[in-house]
Amino acid sequence: MKAVASRAVRVLLGTTQLGRLWDVPVIMDWSLKVYFWVMIVLVGAGWWEASTLPVLAVAYTSVLLHEFGHILTARRFGVSTRQVSMFVFGGIAQLESRVEDPKKMFLVSVAGPLVNVGLAGLFFAIGFVFTIFEMEALNKACMLIVLINSVLAVFNMLPLYPTDGGQVVMSLFRMAGMDRFKAVIVACWISLFGAVLLGVFAIVQGALMISLVAVFIILASRQELKNTRAARDLQVTS
Ligand SMILES: [Zn+2]
C-alpha cells in the first residue's frame, strides 16, 4: 500500500518520463507538474480563466517542438541527445556532446527558434483559411498559436546566455575568428548587460515572471563567465 502511495505521489508530483519522441526520452520535471496542478486548482476554484489551460498546453508543446529543432539538427551533425526535459521555465535538450564547430553550432542554435517561426507561419495560413469560411473561433485559436510561437522565437533569439540568441552571438564571434574562450566571455558580458535591461523593464512593467527570468539569466551568465575564465586560465598555465 505504501509502495502504491509513493508511486502515485511520484506520478502526480515527481519528475517522470512522458514517453519518447524521435527516439529521445521526454522528461517532465516536477516543477512543471506542480505548476500545472496549481493552475488546474486555480481554474477549478474559478480564480483563473479556464482558457489558461489550453494556452499553457500550446505553449509547452511549442517549446517541446522548439527543442526538437535543436535535437534533430544536432543529430544531422552526428550528436545524439540523452533526453529532453520540460521545466516550468521551458525545455532543455541534453546533447551527448558539445557541437564545437561554430557553423554547426550556429545552425543547431537557430533551428529551435526557426521551428517556432515555421509553426507561426503554418497556423497563420490555417487561420486565414478559417476566416474565408467565417470560422472566427477557430481563427482566433490559430492566432493565439501564432502569438505564442512568435513570442518564443523572438525571446529565444535575444542575445542572452544561455538562450539560443546567446549561442548565436558566440558562434558568430567564433566565425569572425575569435577564440572559443574570448567569444564566450564577450557573449556573457552582452548577456549580463541585456539581462539587466530586461530586469529593469520587467520591474517597471510589474512583470514578475520576466524579472525572475532576468535574474536566472544574470546568474547563468555570471556562472558561465566564471567557468570559462577558469578553463582559459587552466589552459594558459598547463
Ligand atoms: Zn532553443
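Modeller: First, a word on what "domain" means here: the bounds of each domain come from an automatic or database domain assignment. Also keep in mind that what you're looking at is a predicted model. With that in hand, the chain splits into domain 1 (1-156) and domain 2 (158-238). Their centres, taken over C-alpha atoms, sit 24 Å apart. Where they touch, domain 1 puts in 11 residues and domain 2 puts in 12. On the domain 1 side, the elements giving two or more residues are helix 4 and helix 5. Helix 4 gives the most to that side, with 8 residues. Sort the domain 1 side by class and you get 7 nonpolar, 3 polar and 1 charged residues.

Now stay with helix 5 for a moment. It has 22 residues, which at 1.5 Å a residue should span 32 Å, and its end C-alpha atoms are 31 Å apart, so the two agree. Which of its residues are buried? They are N139, C142, I145, I148, N149, L152, A153, N156 and M157. As you trace them on the picture, remember that an α-helix has 3.6 residues a turn, so residues three or four places apart point the same way. The buried residues of helix 5 pack against helix 3, helix 4 and helix 6.

In soluble globular proteins, nonpolar side chains tend to be buried together. Here, the largest nonpolar core holds 41 residues, and the members touching the most others are I71, M170, A187 and I217. Several elements give two or more residues to this core, including strand 2 (24-28), helix 3 (52-76), helix 5 (136-157) and helix 8 (208-237). Helix 4 gives the most to this core, with 8 residues. And the core draws at least three residues from each of domain 1 and domain 2. Zoom in on I71 if you'd like one example: setting aside its neighbours within four places in sequence, I71 is in contact with W22, V24, T81, V84 and A93.

Finally, step back to the whole chain. You can count 8 helices and 4 strands, and reading along the sequence gives α-β-β-α-α-β-β-α-α-α-α-α. The C-alpha atoms fill a box of roughly 60 × 55 × 45 Å along the principal axes. Of the chain's 238 residues, 29% are buried. And if you take the contacts between residues at least 6 apart in sequence, 57% join residues at least 24 apart.

Terms used
Residues numbered from 1 in each chain as written. Predicted model: local features only at pLDDT ≥ 70, side-chain atom pairs only at ≥ 80, totals over all residues. Core = buried A, V, L, I, M, F, W, Y, C linked by C-beta atoms within 7 Å. Buried ≥ 20, exposed ≤ 12 C-beta atoms within 10 Å, placed from the backbone. Contact = placed C-beta atoms within 7 Å. Expected span 1.5 Å × (residues − 1). Nonpolar A, V, L, I, M, F, W, Y, C, P; charged D, E, K, R; others polar.
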